[in-house]
Amino acid sequence: LTRSRFEKPSDAAAMFIDRAALDAPDETELAVVEAISAQLDGIPLAIELAAAQLPHLSPSDLLERLDERFDLLSGGRRRRRQRQQTLQAVMDWSWELLTEPEQVLLARLAVFAGPWNLAAAEGICAEPGGRPIIANLGSLVHKSLLQRLDDRAAGTRYRMLETVRLYAQQRLVDMGEANELRDRHLSWYVGRVDEEGLDIHMLSIAHIAQYLRDYSNIRGAIDWAITTGAFEDAATLVIVGSVQKAMPPAANTAELIQIAEELLELDVSAATKARLLVAEAWLYWTFKPDRTSGTEIGRRAVEAAKHAGDAFALAQALVFDTFYRTDLQPSYEAYLVEVEEAALASGSTLVYDTAVSMMKGSPHLKSDPQGSIERALSFDPDQEVIGIDQFLSSVGCVVLGVITNQPEISHL
């Protein structure tokens, strides 16, 4: 194992030296590092975890402890040791070096399917009225069991490598807390939607960005909600997820459409069914322009919204129905009146500007262009979840829609 001082360390040893912040190891130290790296089969995660122990152990002590553990694991016959055995041994060892509060927190954090922030960790993993978890969170980062992600827009977030997560998940099961933590996880993400009063087409840019960042966790929460019969909660997360550009790449659109269809067959309220159909229509319109399917879904959404007496859902359903249908002549203008009136009744400028942008032949736009602009301005921005910036943008879209249809009144 001894290498000349003129030889470069192996890639695995170089990684260990870097992670452990060893300062120019001599030949003897380098030989120990090479032996450690060989023991760990050069597996990056195993090297990362082992190097995190250097503040507490010398390289020689670390090598000795690794030898003991692997001899115990394989009965002294390690030549054909499998990668999985190596990781299991290192994970067991890393776990045993944690304090009990650190072990509990690591196991609970395995409930996250993707990155999370401190607020989510506290809301889901901390005990009510218990001690703050920030110190243990930092300790787990220091020990390379968690990774810290710093982003100017998203703030500080954390993630767990999948190998660590799978190990921690089993520990969570062994603790008997897996179902409880998944319930907490679901409640947290549904609670964020309810707390903000969010709904389809009512998200600000900040909310959309947050949804994108949390999509892996939201998708996991949807699965758990369906598994446990919490269908209304699953529908809430699907509905919010249908907002334009709030989705990850369109590859996931078919997945959400399928979930929406599944939920429509389950025990959800009439209002939820209406908004699920609107969400599905939005997904088809934005990501999967299938006119045949879209026409059917648009009609189903209108019928469901009328049945539920949901003015907000009806306005959106009528907008999508107008977009997809080709059989409205000669009643097209009368139908557009119904669309605009429903959009006004929805109380949302965002819905109204969407309606106006799609109503190229609206009698209201032709006969009363100034009235259309005044109606857009009549909405109360303080009551809009979308915020003043989106409110002004929506009013501007109405003005542009009016001018597009009647360029001679651009002076308005």
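Reply: One term first: a residue is called buried when its relative accessible area is under 20%, and exposed when that area is over 50%. Please also keep in mind that this is a predicted model.

Me: Okay, take Ser-144 then: buried or exposed?

Reply: Ser-144 counts as buried, because its relative accessibility is 16% and the cut-off for buried is under 20%.

Me: Where does Ser-144 lie, and what is its phi?

Reply: Ser-144 lies in the loop between α8 (134-142) and β2 (147-151), and its phi is positive, at about 65°, although the residue is not a glycine.

Me: What about Ala-21, what is phi there, and which loop is it in?

Reply: Ala-21 has a phi near 55°, again a positive value in a residue other than glycine, and it is found in the loop between α1 (11-20) and α2 (27-39). Ala-21 is exposed, since its relative accessible area is 63% and exposed means over 50%.

Me: Stepping back, how many helices and strands does the protein have?

Reply: The protein has 22 helices and three strands. Of its 412 residues, 50% count as buried, and among contacts with a separation of 6 or more, 69% are between residues 24 or more positions apart.

Me: Which residues touch the most other members of the largest nonpolar core?

Reply: That core has 107 residues, and the ones touching the most other members are Phe-16, Leu-106 and Leu-109. Helix α15 (residues 270-287) contributes the largest share of this core, nine residues.

Me: And what is Phe-16 in contact with, leaving aside its neighbours within four places in sequence?

Reply: With those neighbours left aside, Phe-16 is in contact with Leu-22, Val-33, Ile-36, Ser-37, Ile-47, Ala-50, Ala-51, Leu-54 and Leu-62.

Me: Switching to helix packing, how do α12 and α13 cross?

Reply: The axes of α12 and α13 come within 8 Å and cross at roughly 155°. That angle makes α12 roughly antiparallel to α13, because the term applies to angles over 145 degrees. The crossing of these two helices is left-handed.

Me: Which residues meet there?

Reply: From α12 there are Ile-218, Ala-221, Ile-222, Ala-225 and Ile-226, which meet Phe-231, Asp-233, Ala-234, Leu-237 and Val-238 of α13. By class, the residues of this contact divide into nine nonpolar, no polar and one charged.

Me: How does α12 pack with α14?

Reply: Helix α12 (residues 215-227) and α14 pack at an angle of about 25°, and their axes are 12 Å apart. The two helices are therefore roughly parallel to each other, and α12 passes α14 in a left-handed crossing. On the α12 side the residues are Tyr-215, Arg-219, Ile-222 and Ile-226, and they meet Glu-255, Leu-256, Ile-259, Glu-262 and Leu-263 in α14. This contact of α12 with α14 has six nonpolar, no polar and three charged residues.

Me: New topic: where does Gln-103 lie, and what does it touch?

Reply: Gln-103 lies in helix α6 (residues 100-109) and, not counting residues up to four places away in sequence, it touches Trp-95, Glu-96 and Leu-98. Gln-103 is buried, because its relative accessible area of 18% falls under the 20% cut-off.

Me: Last one, Ala-153: where is its place, and is that residue buried or exposed?

Reply: Ala-153 has its place in the loop between β2 and β3 (155-159), and at 67% relative accessibility it counts as exposed. The C-alpha atoms of Ala-153 and Gln-210 are separated by 9.8 Å, with the two residues 57 apart along the chain.

Conventions. Residues are numbered from 1 along each chain as its sequence is written. This is a predicted model: local features need pLDDT of at least 70, side-chain atom pairs count only at pLDDT 80 or more; totals for chains, interfaces and linings use all residues. Side-chain values use heavy atoms; hydrogens and water are left out. A nonpolar core is a set of buried Ala, Val, Leu, Ile, Met, Phe, Trp, Tyr and Cys residues joined through side-chain atoms within 4.5 Å. Buried means under 20% relative accessible area, exposed over 50%, partly exposed in between (1.4 Å probe, protein chains only). Helices (H or I, at least four residues) and strands (E, at least two) are DSSP runs, numbered from the N terminus. Contact means heavy atoms within 4.5 Å. Axes are lines fitted to C-alpha atoms, for helices over the stretch in contact, and angles run from 0 to 180 degrees between N-to-C directions. Angles under 35 degrees count as roughly parallel, over 145 as roughly antiparallel, 65 to 115 as roughly perpendicular and the rest as oblique. A crossing is left-handed if the near helix is turned anticlockwise from the far one by less than a right angle, and right-handed if clockwise. Ala, Val, Leu, Ile, Met, Phe, Trp, Tyr, Cys and Pro count as nonpolar, Asp, Glu, Lys and Arg as charged, and the others, Gly among them, as polar.
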